[in-house]
Each structure stands twice: as C-alpha cells, then as structure tokens.
Amino acid sequence: MGLNRNEKEAVVEEISAKVASAQTIALAEYRGIPVGQMTQLRSKARDQGVYLRVLKNTLARRAVEGTAFSSLANDMTGPLIYAISDDAVAAAKVLSDFSKGNDKLVIRGGNYAGKALDKAGVAALANIPSREVLLSQLMGIMQAPVSGFARALAALAEKNGGGAPAEAEAPVEAA
C-alpha cells in the first residue's frame, strides 16, 4: 500500500531536515540483499551516526531539490538506499565497508559538500581517516616537539649530573 499525500510530505520534510545539516550523501543499490544483512548494515550505520534509509526516488529528489546535493537527482534511479551523515566520511565509510563483504550492495555515487562523487570518489572519501583519528594524529604532531625537548633535557641532565635533579644536590661550599 502506498503512502498518502500527507505521509509523503512528512517523509520529504524529514529527509530535507537531514539533508540541511548533512555534509555527505552516498547512494547504493541494494538489490538482492537479505533482510538479516540489511539489519546489520542499519546497525553499523546507527553506530556511526549515519542516517540510512530506503526511499522512493521521487521523494528523495524533492528533498534535495534546491540544496547542494541537487546534482544527485540524476543518479536516483532503481532500488537505492540513502546514507546521509553530518560527518564528512561516515556515510561513505559505512557503505564502502559493507560493500567489501557483500557484492550485492553496489555503490552508485554520492555527494560531498556540493560536489558530485562517482563510485571511485565515494571509495576515496571512505578511505580518509575519521575525525577522531585525524585529531589524535594532530595531537601527536603537536606534542612531538615538546616531548623531544623534554627527552633532550633529560639526556643532558643524565650526562652532566648523573640524572639527579639539580635541586636535590647539596650546595657546594667555597673554601
């Protein structure tokens, strides 16, 4: 049974709200995937903060109309699952990781920050480390000079005074 007009409007409003705050949308064809595997995919998407939904393509086209994602309208044909995320790489990563283990999920394309992506573009976006990994790498880079300086001071103190702190040594009296 199809949706009535009010239900369709509600779906378009819901998707439009998600698209308004999204950075990335990825599309994949899901033909022939068993229900159990789709449930696993949805669970992984939820864990990553990705909004994942099967939509009627006409409703999805209306939701992205007039947004930075409007270039996706041409790719919206056939049975598609839509992954929408506020994180730049999460949607692409969820679909790409799942498609590696399941050849029935075929990535069709996507859009990142208003730029259309083909299948290779979505795969490249999925290979970018997550925000948390990038932040930890940045912190490691920022701490490297400080920790290197501290190690150099410790080595110098070891060389000059046997490793004991200068304050712990007894003062030398002049005779």
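**Figure 1. Surroundings of V50 in the predicted model.** Leaving aside residues up to four places away in sequence, V50 touches A45, A83, I84, S85, A90, A91 and V94. V50 also belongs to the residues with the most contacts inside the largest nonpolar core.

**Figure 2. The largest nonpolar core.** This core comprises 24 residues. Besides V50, the residues with the most contacts inside it are L41, L52, I81, A83, L95 and L105. At least two core residues come from each of β1 (24–29), α2 (35–48), β3 (80–85), α4 (90–101) and α5 (119–126). The greatest contribution is that of α4, which provides six residues.

**Figure 3. Packing of α2 against α4.** The axes of the two helices are 10 Å apart and form an angle of about 150°. Because angles over 145 degrees count as roughly antiparallel, α2 is roughly antiparallel to α4. The crossing of α2 past α4 is right-handed.

**Figure 4. Residues at the contact of α2 with α4.** From α2, the residues Q37, L41, K44, A45 and Q48 take part; they meet A90, V94, L95 and F98 of α4. By residue class, the contact consists of six nonpolar, two polar and one charged.

Key. Residues numbered from 1 in each chain as written. Predicted model: local features only at pLDDT ≥ 70, side-chain atom pairs only at ≥ 80, totals over all residues. Heavy atoms only, no water. Core = buried A, V, L, I, M, F, W, Y, C linked by side-chain atoms within 4.5 Å. Buried < 20%, exposed > 50% of the residue type's maximum accessible area, 1.4 Å probe, protein only. Helix = DSSP H or I, 4+ residues; strand = E, 2+ residues; numbered from the N terminus. Contact = heavy atoms within 4.5 Å. Axes fitted to C-alpha atoms, helices over the stretch in contact; angles between N-to-C directions. Parallel < 35°, antiparallel > 145°, perpendicular 65-115°, else oblique. Left-handed = near helix turned anticlockwise from the far one by under 90°. Nonpolar A, V, L, I, M, F, W, Y, C, P; charged D, E, K, R; others polar.
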